[in-house]
Amino acid sequence: LLASLLVVTVLLIYLQKKLDLPVLVEGHDIRRELKENPDTVTFSLILYVTSFLYPLSYFMARYAVLTNFGEAEAGLLQAAIVLASALRLVLGPVNGLYLTPILNRQIPKAEKLQAALGYQRQLVVAIVTLAMPVVLFPQWLVTLLFSPSFVKISPFVFLFVIAFFISLLGGVFEALIIGLDDLKIYGVIVAFGHLSLGTASWLLAPQYGILGVAIGFLVSSLSTFLLTLAQLSIRHGLTLPHRHSFSMVYGLLVLSVAGISFNLFEASQPILILCKLGFFGLFLFLSLIHI
């Protein structure tokens, strides 16, 4: 609480001095604002509902592992989620800082579609570049952030990373749907994505454990991505250029190959380390040429 108050105070002082923005403004009427912008209430309610579904889906996934495999396995699951979700913590806010202001402007639909696709194509390279070390060296990162006791989750980390990769790309489509004022369909799609994560994890975790939850994350991310893409294609005429589709498939393929191939061997072998670094370098080189 004290840290939040300090940050807000500093921001208010900065805005007042830099932009001459007063702290208090007279003549502001909330009722008039809501009447002029009725979508504010609708969008707020949608965010309110989905904000509960998000932790509910995670709870179902964790509880399914906890009740069937115990506390230790639930802790391993949490470590895998935390390691992979670092991508969202780093790149997620970029949507709000860069893309959302563009899509919320009063500009033609074609410009919004073009801006979203251009941003998404650049995002593919950024995500894979940041995700590649996590996929190639999960044993080292798990040991560094937790302990050697958590190394057994290493083979599953890349699946969670791929799920977050798809989720971040789908987040661009979600922002575009909001920018095009399809707020209700946005709420339905996001709610379905959260519920599919909880349902799939609940059904698969009792038999497959952490792998079942990883599949649940993949199902959730992929369903949200495809539903948002379908909405934009059918209602707004969005067409993905072949080069754009190739970049997304290429990123997905690279992460999958790296995760499946290199996690089969001991992480500390010098030759394997060189192969991983070479694979990473090859990806960066090809990205500069083709994407």
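User: What is the volume of the second largest pocket?
Analyst: The model is predicted: local features require pLDDT of at least 70 and side-chain atom pairs pLDDT 80 or more, while totals for chains, interfaces and linings use all residues. Residues are numbered from 1 along each chain as its sequence is written, and side-chain values use heavy atoms, without hydrogens or water. A pocket is an open set of points on a 1 Å grid over the protein atoms alone, where a 1.4 Å probe fits, with protein on both sides within 12 Å along at least five of seven lines; lining residues have an atom within 4 Å of a point. With grid points joined across faces, edges and corners, and volume taken as the space filled by probe spheres set on the points, the second largest pocket has a volume of about 280 Å³.

User: Which residues lie closest to the centre of the second largest pocket?
Analyst: The lining of the second largest pocket comprises 15 residues. The closest to its centre are Asp39, Asn104, Gln106, Ile178 and Asp181.

User: Which element gives the largest share of the lining of the second largest pocket?
Analyst: Helices (H or I, at least four residues) and strands (E, at least two) are DSSP runs numbered from the N terminus. The largest share, three residues, comes from α3.

User: How many charged residues are in the lining of the second largest pocket?
Analyst: Ala, Val, Leu, Ile, Met, Phe, Trp, Tyr, Cys and Pro count as nonpolar, Asp, Glu, Lys and Arg as charged, and the others, Gly among them, as polar. By these classes the lining of the second largest pocket has six nonpolar and five polar residues, and the charged residues number four.

User: Is aspartate 181 buried or exposed?
Analyst: Aspartate 181 lies in the loop between α7 and α8, and its phi is positive, near 70°, although the residue is not glycine. Buried means under 20% relative accessible area, exposed over 50%, and partly exposed in between (1.4 Å probe, protein chains only). Because its relative accessibility is 55%, aspartate 181 counts as exposed.

User: What is the phi of aspartate 20?
Analyst: Aspartate 20 lies in the loop between α1 and α2 (30–36), and is exposed, with a relative accessible area of 64%. Most residues other than glycine have a negative phi. Aspartate 20, however, takes a positive phi, near 55°.

User: How far apart are the end C-alpha atoms of helix α1?
Analyst: The expected span of a helix is 1.5 Å times one less than its number of residues. Helix α1 (residues 2–18) has 17 residues and therefore should span 24 Å. The model agrees, as the end C-alpha atoms of α1 are separated by 24 Å.

User: Which element gives the most residues to the lining of the largest pocket?
Analyst: The largest pocket has a volume of about 790 Å³. Of its 34 lining residues, the closest to its centre are Arg88, Ser167, Gly171, Glu174 and Tyr186. The lining divides into 17 nonpolar, 15 polar and two charged residues. At least two lining residues come from each of α3 (39–69), α4 (71–103), α7 (154–179), α8 (183–208) and α9 (210–236), and the most, 10 residues, come from α7.

User: Which residues are in contact with alanine 61, leaving aside its neighbours within four places in sequence?
Analyst: Alanine 61 is found in helix α3 and counts as buried because its relative accessibility is 1%. Contact means heavy atoms within 4.5 Å. With neighbours within four places in sequence left aside, the contacts of alanine 61 are Leu77, Ser201 and Val213.

User: Which residues are in contact with histidine 244, leaving aside its neighbours within four places in sequence?
Analyst: Histidine 244 has its place in helix α10 and counts as buried, at 3% relative accessibility. Leaving aside neighbours within four places in sequence, its contacts are Leu117, Gln120 and Arg121.
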